[in-house]
Amino acid sequence: MEECISVFDMLKIGVGPSSSHTLGPWRAAERFLGELKNEAILDQISRVKVDLYGSLSLTGKGHATDLSVMLGLSGQDPEYIPVENIAGIIKTIEDTNEINLADEYKIPFYFLQDIVFNKEFLPFHANGLKFTAYKNDGSEYESTFYSIGGGFVVKEERENAKKKEVIKCAFPFPVQNAVELLNYTISENKSISEIVYENEKSMRSEAEIHSELMRIWNTMLECMYIGCHSEGILPGGLHVRRRAFDMHQNLIGLSNYTDPQSWLEEIRKTEVKFRQILKWVSCFALAVNEVNASLGRVVTAPTNGSAGVIPAVLMYYMVIENHNAGEKEIKQFLMVAGEIGSIFKKGSTISAAMGGCQAEIGVSSSMAAAALCELMGGTPAQVLMAAEIAMEHHLGLTCDPIGGLVQIPCIERNTMGAIKAINAAELALETDSKNAKVPLDKVINTMWETAKDMNSKYKETSEGGLAIAVNMADC
């Protein structure tokens, strides 16, 4: 069945370090609480146990899966929780052996016993987790969820399928693949962002679309700003030193600014040479993913592990390519990026546990390349070509995080994905789309076939590649 996926499904505000291993389990815990409330049994619960399976178990500690589950069960919202409160909430649970279920009822909770890491994989998806609630009368209530990437959570029976179908039918231009999207742009004589905007208007007011897109961008901008002004060692045990701070200091010089927007204006005044451009783009991407690695607030784009690519490329456009760029260009960029991401999700996967890092950095680079290409004046066909070029050169990219942490090689990979996105957009702009040999839909299908053939050691399990070649002791 076709899915209707909004831009706001693909670009979600949350907490790092992982969309599938942190945000997804957090949302699953929230949904589990919703089920308990719907069953009118929340006040009858004496204990809750959480079983993590497959990739959620194998790299769960490094991705803070256990912490996110506790925060979700506590009734906290990842989009709005003050990140400075997270450590205190977790410490209270650990010190008191109690959890404030749904922020309403305190029950015993021994996190070392009540969160169980099971290495076996559930058949439906690599990221499975089961919640078991024990009632006062001795009976149990169980519910199993799957975190399928990008913060999306489903149940095997897909209870929300009918809801998605209803929303899809509201779209004047429902899109399942790149060919359909291109055909709409031709028949309607519209750009890709204009097609997306018409679809979004079927669900939200223009004021709400504007407000939410700008909230997403401001979160991205603030994240880059925080990352560029934070120094020290990242948590997790790898002793990774933040690099965005030093790189930024060398680039920005003695500029004066007081907030993210004035900072952006000052960057526009800096020297523009090829090396400086490479460094600025890399600095923006590093900054975001260092914040992500510190359980900071980021925008899932389309995942947390790849959250730095899209803001870095959009920032590049605003501070290097077009100093007059503002809200119009920001919204245009985000709408195109979101639409390309949704096509990948429908035709393949955005979960590294299912497809390796090609599903995260590859997809984010493709999204950014397409969005940049439209802003630079590309035709819809060239925009899709830019997306294809970016993914073509990420095919087969593995996910092998050292220590299960979203740090090495993940942080640097965002810089590479951003640079490739810019290059892909430029190549597409210099190419007659009639001469394209590889359609985007073919690359998406190839990515999915590659994902299915990829050894599970290279799918976010930390059982192969760099994850075993370099261990914690080496760091």
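UniProt positions are given here in the numbering used for this chain, and its annotations may be inferred rather than shown by experiment. On that basis, an unreviewed UniProt entry places the feature "domain: Serine dehydratase beta chain" at residues 6-157. In the predicted model examined here, the chain over residues 6-157 is 34% helix and 32% strand, with the end C-alpha atoms 22 Å apart.

The protein as a whole has 21 helices and nine strands. Its radius of gyration is 22 Å, close to the 23 Å that the globule rule gives for 475 residues, so the protein is as compact as a globular protein of that length. The C-alpha atoms fill a box of roughly 70 × 50 × 45 Å along the principal axes. Of the 475 residues, 57% count as buried. The accessible surface comes to about 18800 Å², and carbon and sulfur atoms account for 50% of this area. Among contacts between residues at least 6 apart in sequence, 77% join residues at least 24 apart.

The largest nonpolar core comprises 109 residues, of which Trp217, Trp263, Ile310, Met315, Phe333 and Leu334 touch the most other members. Beyond its neighbours within four places in sequence, Met315 is in contact with Trp217, Leu221, Met224, Trp263, Leu264, Ile267, Phe284 and Ile320. Another core, of 35 residues, lies apart from the largest one and includes Val69, Leu101, Phe111 and Phe145.

Threonine 59 is found in the loop between helix H3 (55-58) and helix H4 (65-73). Because its relative accessibility is 1%, threonine 59 counts as buried. A polar atom of the threonine 59 side chain lies 3.5 Å from the backbone oxygen of glutamate 460. Leaving aside neighbours within four places in sequence, threonine 59 is in contact with His21, Gly404, Glu460, Thr461 and Ser462.

Methods: Residues are numbered from 1 along each chain as its sequence is written. This is a predicted model: local features need pLDDT of at least 70, side-chain atom pairs count only at pLDDT 80 or more; totals for chains, interfaces and linings use all residues. Side-chain values use heavy atoms; hydrogens and water are left out. A nonpolar core is a set of buried Ala, Val, Leu, Ile, Met, Phe, Trp, Tyr and Cys residues joined through side-chain atoms within 4.5 Å. Buried means under 20% relative accessible area, exposed over 50%, partly exposed in between (1.4 Å probe, protein chains only). Contact means heavy atoms within 4.5 Å. Helices (H or I, at least four residues) and strands (E, at least two) are DSSP runs, numbered from the N terminus. A polar contact is a pair of N or O atoms within 3.5 Å; within protein, one must be able to donate a hydrogen and the other to accept it, and residues adjacent in sequence count only if both atoms are side-chain atoms. The radius of gyration is taken over C-alpha atoms; the globule rule is 2.2 Å times the number of residues to the power 0.38. Accessible areas come from the Shrake-Rupley method with a 1.4 Å probe; for residues, only the protein chains shown count as cover.
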